[in-house]
Amino acid sequence: MAAILAGEELAAIPSLWVMYASALLMTGRLSSVEQKLQAAEQALHGAVLDEKTRDLIGHIASIRATLAVSKHQAGPIAAESRRALEYLHPDNLPVRAAAAWTLGYAYQLQGERGLAGAAYNEALSVSKRIGHVMITIMATLGQGNIQEAENRLPAAAGSYLQVLEWAGDPPLPVACEAHLGLARIYYEWNEWDTAMMHGQQSILLAGQFEDSDRGVAGKVLLAKLKLARGAVSEAAAILEQADDSARQRQYWTQIPHIAAVQVPVMLHQGNLEAAAILAEQHGLPLSQAKVNLALGDTAAALAVLEPVLRQTAVKGRQDERLKGMILYAAALYKCGDKSGAAHTLADAMRIAEPGGCIRSFVDEGPEAERLLRGSEVPGEMLDYRRKLLAAFAAETPETPPSSQTGASRHQVRPDQPLFEKLSRRELEILQLIAQGLSNREIGDRMFLALSTVKGYNRNIFDKLQVSRRTEAIARARMLGLL
């Protein structure tokens, strides 16, 4: 297009510059779009402000709003979207639909999910009526995001699958967002292989964009998947790559998401101090509560979680509220308030069960498992509790072959006899692990150095042929050691 529309003809017709910018935007070549918009504005300088000129100004604003979407800048997205809707001709339905979609995304970023949903519905209604496939896709993605945030996971999965159907084969690059959403949902449903497939496909498609943080977002989810299988070192390496890429490309909105997964990685590595610093540095209250629980400081965990629960209740943020409630219930149970823990757990299960949530519980490890086993739940939730406990029991971490010793750990049957029995001291420590005590608490209880406790842990895990605490507890119970 550049060769055909180069020179005086292009400069003299501002609408061609806007068409050029729009074509670049549609093909993911984002870095050159603003230059073309500025050229259009220069060509418009001094033009009469008639209907045609106003409509062109509105179109420029709509493209700028879409550019701001790629950087998740709520303020500029909202300002440019409103400017677009103010200037666009009432009959310019394709661009008005695009502006309604971008305004919806601004609302979504601001936590105004009701307003976001209404804007997405408007964009979808218009785009379907006029056959604008791209905005139909983008508005449906927006609806899927809202459904997912409200824990309506089956509905969200349906929206994302519809997007994949519309995206064609080979798919448009924008399908990366649908794959990423499906990866999150299947991860929550504990369907690891399907989640991994969608996550990898998302990263592959995101690579077709010239400048987008979607590839980084995909890697963060990939790290969560690896962590869920016990591949802690792999998860840490992926997160380090994602962090380097985000900082080099200035994808600042991704940094807190990376940190939120780095914290549990550090907890698995026993690096509680670094995890605490990272959680505080990035203002991640749920991560701070996890660190506090790992340190055995339930009072601090409760103090962090209480305002989170109040705020999420007021704003209707069910996804964040669910995670906070599980942690809050675990903290109450650990400090002896079993009645309060049971009440909070029941409320959390009522939120989680319709969406089929599993990993929100399992990812909290032994604290959540002990809570589920020890708390009374309403009769209608008994089947759901059995399902969650089965997920805990079925945890089979994936350990890289290079780090395995002896028989392959994930091929060991839970009831297979041990090659080497645990010593009396190792059995004592295993009992404390099953009670949910942190390494530091075990050291204090048994008058052992932290490094000594970690050494005992390694011996216990090697003898049980497991890679994490949850797996050790499950196998020990199967063998009658607990």
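Predicted model: local features only at pLDDT ≥ 70, side-chain atom pairs only at ≥ 80, totals over all residues.

User: Let us begin with helices. How do I describe two that pack together?

Analyst: Two packed helices are described by the angle between their axes and the distance between the axes. Take helix α18, residues 318–334, and helix α19, residues 338–352. Their axes come within 8 Å and cross at roughly 155°.

User: Are α18 and α19 roughly parallel or roughly antiparallel to each other?

Analyst: Roughly antiparallel. Angles over 145 degrees count that way, so α18 and α19 qualify. The crossing of α18 past α19 is left-handed.

User: Which residues of α18 and α19 meet?

Analyst: From α18 come Q318, R321, L322, M325, I326, Y328, A329, L332 and Y333. From α19 come K338, G340, A341, T344, L345, D347, A348, I351 and A352. Sorted by class, this contact holds 12 nonpolar, three polar and three charged residues.

User: What does α15 bring to its contact with α16?

Analyst: L272, A275, A276, A279 and E280. On the α16 side, S287, Q288, V291 and A294 meet them. By class there are six nonpolar residues, two polar ones and one charged one in this contact.

User: At what angle do the axes of α14 and α16 cross?

Analyst: Roughly 10°. Helix α14 covers residues 255–268, and its axis comes within 10 Å of the axis of α16. Angles under 35 degrees count as roughly parallel, so α14 and α16 are roughly parallel to each other.

User: Where do α14 and α16 meet?

Analyst: A260, V263 and L267 in α14 meet S287, K290, V291 and A294 in α16. This contact has five nonpolar, one polar and one charged residues. Look back at α15: S287, V291 and A294 of α16 also meet residues there.

User: Now the empty space. How is it found?

Analyst: Rolling a probe the size of a water molecule over the atoms shows where empty space is left. In this model, the count comes to one cavity of 30 Å³ or more. The largest cavity has a volume of about 40 Å³.

User: Which residues line the largest cavity?

Analyst: P366, E369, R370, A434, I473 and R477. Three of the lining residues are nonpolar, none are polar and three are charged.

User: Which helix gives the most to the lining of the largest cavity?

Analyst: α21, with three residues. Both α21 (366–374) and α26 (469–478) supply at least two residues each.

User: How much space lies in the second largest pocket?

Analyst: About 1,400 Å³. It has 44 lining residues, and the closest to its centre are L267, H268, Q269, G270 and R469. Helix α25, residues 450–464, makes the largest share of the pocket's lining, with six residues. The lining divides into 15 nonpolar, 15 polar and 14 charged residues.

User: Last topic, the backbone. Which residues does a cis peptide bond join?

Analyst: D169 and P170. The angle to read is omega, here about 5°. P170 sits in the loop between α9 (153–167) and α10 (175–188).

User: What is the phi of N151?

Analyst: About 65°, a positive value, although N151 is not a glycine. Find N151 in the loop between α8 (133–149) and α9.

Methods. Residues numbered from 1 in each chain as written. Heavy atoms only, no water. Contact = heavy atoms within 4.5 Å. Helix = DSSP H or I, 4+ residues; strand = E, 2+ residues; numbered from the N terminus. Nonpolar A, V, L, I, M, F, W, Y, C, P; charged D, E, K, R; others polar. Axes fitted to C-alpha atoms, helices over the stretch in contact; angles between N-to-C directions. Parallel < 35°, antiparallel > 145°, perpendicular 65-115°, else oblique. 1 Å grid on protein atoms, 1.4 Å probe; cavity = no way out; pocket = protein on both sides within 12 Å on 5 of 7 lines; lining within 4 Å. Points joined across faces, edges and corners; volume = space filled by probe spheres on them. Left-handed = near helix turned anticlockwise from the far one by under 90°.
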